[in-house]
Amino acid sequence: MTFHQKPVTYVGEVQLRVSDLNQSTRFYTEVLGLKIKEQTSNSVSFTTNGQDVLLTITQPNNINKKQEQRTGLYHFALLLPKRADLAQVVRHFINLGVRLGGGDHLVSEAIYLNDPDGNGIEIYVDRDASVWQWSNGEVKMTTDPVDFDDLLKESVNPVWNGLPKGTVMGHIHLQVNDLEKNKQFYVDGLGFDVVSRYGREALFLSDSNYHHHIALNTWSGTQIKHAEKTETGIESYTILFPSETIRDEKRMSLRKIGASIYEENNTFYTIDPSQIKVYLRIS
């Protein structure tokens, strides 16, 4: 997966606030197929390879369910190594009776579901980059139905063993209330390129000509408020830079656009226009 390793800048760990830690832990292990890496009284981190943390969930005190009309997470997206892995996940969900949606985006095939708090999750597999269609610096994407009949012809292991070890955080999709402010932050500040647009309501951003590492949409309108820290939803996520030099360049770019840089436990972070903490780490 060359779009999720050096020398590319890409998305790493996502951290969510949940309302019931035990319920969400069961969901992410038994339904989604992640494995617990570390666990405390109020947090659980998950992995597939035993080393890299893909997701951490926390249950703060006095947490409330997030209202739908809020900025924050639209979905996080787990990228599988191959198409047969997606077929395996679909068969597993069918066996469990999980309700899911699907989308063939030309560059990828994806399925969608929500966790117990309504946090959106995409699980997908990329088509080979050689078949992606580019024009004037933008990649062609759409949403067609997934051909599940063809997908389920893939040869799979009859035993479900969870998500494969090669699973990575493929991208993150955020619901925002100001596309231009977010474009300034993520493009001018963090250095991602605009690689696709959906009218004036969505932008898809990436590094190194991936179809997208980050997506932004205003589909719920431009008047929505930011989620409160006392509500479920996204707490933070990590952007992984290939070197300290490139991270330092982006820190300077963020300061030039007026974004603040903070330091916590020897790790730099900033706050995006939707009040989401973004950690700036080295891959």
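Predicted model: local features only at pLDDT ≥ 70, side-chain atom pairs only at ≥ 80, totals over all residues.

Trainee: Why does Lys-82 count as partly exposed?

Mentor: Residues are numbered from 1 along each chain as its sequence is written, and side-chain values use heavy atoms, leaving out hydrogens and water. Buried means under 20% relative accessible area and exposed over 50%, with partly exposed in between (1.4 Å probe, protein chains only). Lys-82 counts as partly exposed because its relative accessibility is 48%.

Trainee: Where does Lys-82 lie?

Mentor: Helices (H or I, at least four residues) and strands (E, at least two) are DSSP runs, numbered from the N terminus. Lys-82 lies in the loop between strand 5 (70–79) and helix 2 (83–96).

Trainee: What separates the C-alpha atoms of Lys-82 and Gly-166?

Mentor: Along the chain, these two are 84 residues apart.

Trainee: Which are the edge strands of the open sheet of eight strands?

Mentor: Two strands pair if DSSP finds at least two bridges between them. The strand order in this open sheet is 2-3-4-1-16-19-18-17, with mixed pairing. An edge strand here pairs on one side only, and that describes strand 2 and strand 17 (261–264).

Trainee: Which residue in strand 3 stands opposite Glu-38?

Mentor: Strand 2 (residues 35–39) pairs with strand 3 (residues 43–47) in the antiparallel sense, over four bridges. The two make a hairpin, with three residues between them. Opposite Glu-38 stands Ser-45.

Trainee: Which residue in strand 18 is the bridge partner of Glu-263?

Mentor: Here, strand 17 and strand 18 (residues 267–271) are antiparallel partners over four bridges. The bridge partner of Glu-263 is Phe-268.

Trainee: At what angle do helix 4 and helix 5 pack?

Mentor: Axes are lines fitted to C-alpha atoms, for helices over the stretch in contact, and angles run from 0 to 180 degrees between N-to-C directions. For helix 4 (residues 179–189) and helix 5, the axes are 9 Å apart and the angle is about 145°.

Trainee: Which residues in helix 5 do Phe-185, Asp-188 and Gly-189 meet?

Mentor: Contact means heavy atoms within 4.5 Å. Those three residues belong to helix 4. Their counterparts in helix 5 are Lys-250, Ser-253 and Leu-254.
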